[in-house]
Amino acid sequence: MYLNGVFKSGNEGAKRLWNADGTGRDIFRATMSLDRFLFPLIAIWFDDPAKRELRKKMGIELPVLQKSLTDLFPSDFLTVDEMLVGFCGRCLFRMYIKSKPQKYGLKICVYVILKGTILLNAFIYSGKWNFPNPRNLSIPTQNILSLVMLYAHSNRNTTCDNWFSSVEQVDELLKFGLTYIGTIRKNKREIPEYIIPTKNDAEGTKKIVLPRIKP
C-alpha cells in the first residue's frame, strides 16, 4: 500500500499493477502475488457495529494508523492538512467544498511528513467536536491536537496553512514540545496592528511580534 502511494497509483486497478506484460510494476509482483494482496482487502474488517453510532457523534478516527505508525521515526518537519475524498452517496457528514476538484466528499485531516509521502495519522472529519472542551478551543486547534499527540514532546515542527493557524494553536503546541510554522490571515483579531502588511512596506520587509509579558 505504501508503494501504491509512492507511485501515485491510487486510481489504478490492482490487476493492472501486477501485469507481467510490461505495463505493470515488477516491484509489486516481487513483493507478493495478486491473490495474496487481494485476500486481506476482502477479509479484514475494522468496523465495530456496536460503536458505530458513537463514532458518528464524536468523529471517526483511523486507529490502524495510530497503532501501526506509533513507532515510526519521521523527520523533524511534519505537516497537517486536509483532503477531500470524492463521495456522492448518502452520508451525514458529506461535505461540499467549492475549491476542490471533486466538490462533494468526505474531508480527511491528515498528518504527514513534510517532504515525503508517508501518512502518519489521520481522521475523517464528521462535524463539530463533541468531546469535552472546557477551554473552548477552536475546531482547527482541536483537529491538530488530535493528530500530533503521537509525537508530543519530540521537539518537531508542524507546518499548516492559514485555516489552522492561530496564536491559540501555537500556544497549545508549545505545551507539548512542538513548534509551528504557517501562514495566517491578516484579519485575525489576535494579530497586532503594527505587524499587518501595508502598501508602504518595502519588498522583503520583516516584522516581528514581540513576546507577551505578563504584569
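**Strands, helices and cores of the predicted chain**

Thr79 stands opposite Thr159 in E6. The structure is a predicted model, in which local features need pLDDT of at least 70 and side-chain atom pairs count only at pLDDT 80 or more, while totals for chains, interfaces and linings use all residues. Residues are numbered from 1 along each chain as its sequence is written, and side-chain values use heavy atoms, with hydrogens and water left out.

The protein chain contains eight helices and seven strands; these are DSSP runs numbered from the N terminus, with helices (H or I) of at least four residues and strands (E) of at least two. Of its 215 residues, 28% are buried. Here buried means under 20% relative accessible area, exposed means over 50%, and partly exposed lies in between (1.4 Å probe, protein chains only). The accessible surface of the protein chain is about 15,400 Å², and carbon and sulfur atoms account for 59% of this area. Among contacts (heavy atoms within 4.5 Å) between residues at least 6 apart in sequence, 47% join residues at least 24 apart.

Strand E6 covers residues 157-160. Two strands are said to pair if DSSP finds at least two bridges between them. E2 and E6 pair in the parallel sense over three bridges. E6 also pairs with strand E7 (residues 179-182), again in the parallel sense, over four bridges, and Asn157 stands opposite Thr179 in E7. In a regular strand the side chains alternate between the two faces of the sheet. In E6, Asn157 and Thr159 point one way and Thr158 and Cys160 the other way, and all are buried. Together with helix H8 (residues 167-175), E6 and E7 make a right-handed β-α-β unit. Right-handed means that, with the strands pointing away from the viewer, the path from the first strand over the helix to the second runs clockwise.

The largest nonpolar core has 19 residues, of which Val80, Tyr111, Ile144, Val148 and Leu173 touch the most other members. A nonpolar core is a set of buried Ala, Val, Leu, Ile, Met, Phe, Trp, Tyr and Cys residues joined through side-chain atoms within 4.5 Å. At least two residues of this core come from each of strand E2 (77-86), strand E4 (104-113), strand E5 (119-124) and helix H7 (139-148). H7 gives the most, with four residues. Another core, of six residues, lies apart from this one and includes Phe93, Leu106, Ala122 and Ile124.

H7 is largely enclosed by the rest of the structure, because eight of its ten residues are buried. The buried residues are Pro140, Thr141, Gln142, Asn143, Ile144, Leu145, Leu147 and Val148, and their cover includes E2, E4, E5, E6 and H8. Leaving aside neighbours within four places in sequence, Leu173 is in contact with Ile144, Leu145, Val148, Leu178, Thr179 and Tyr180.

Cysteine accessibility was also computed. Cys109 is buried, at 0% relative accessibility, whereas Cys91 is partly exposed, with a relative accessible area of 27%. With a disulfide taken as a pair of cysteine sulfur atoms within 2.5 Å, the count comes to zero.

Pro197 lies in the segment after E7 and is exposed, at 55% relative accessibility. The C-alpha atoms of Pro197 and Lys186 are separated by 8.0 Å, with the two residues eleven apart along the chain.

How values were computed
Accessible areas come from the Shrake-Rupley method with a 1.4 Å probe; for residues, only the protein chains shown count as cover.
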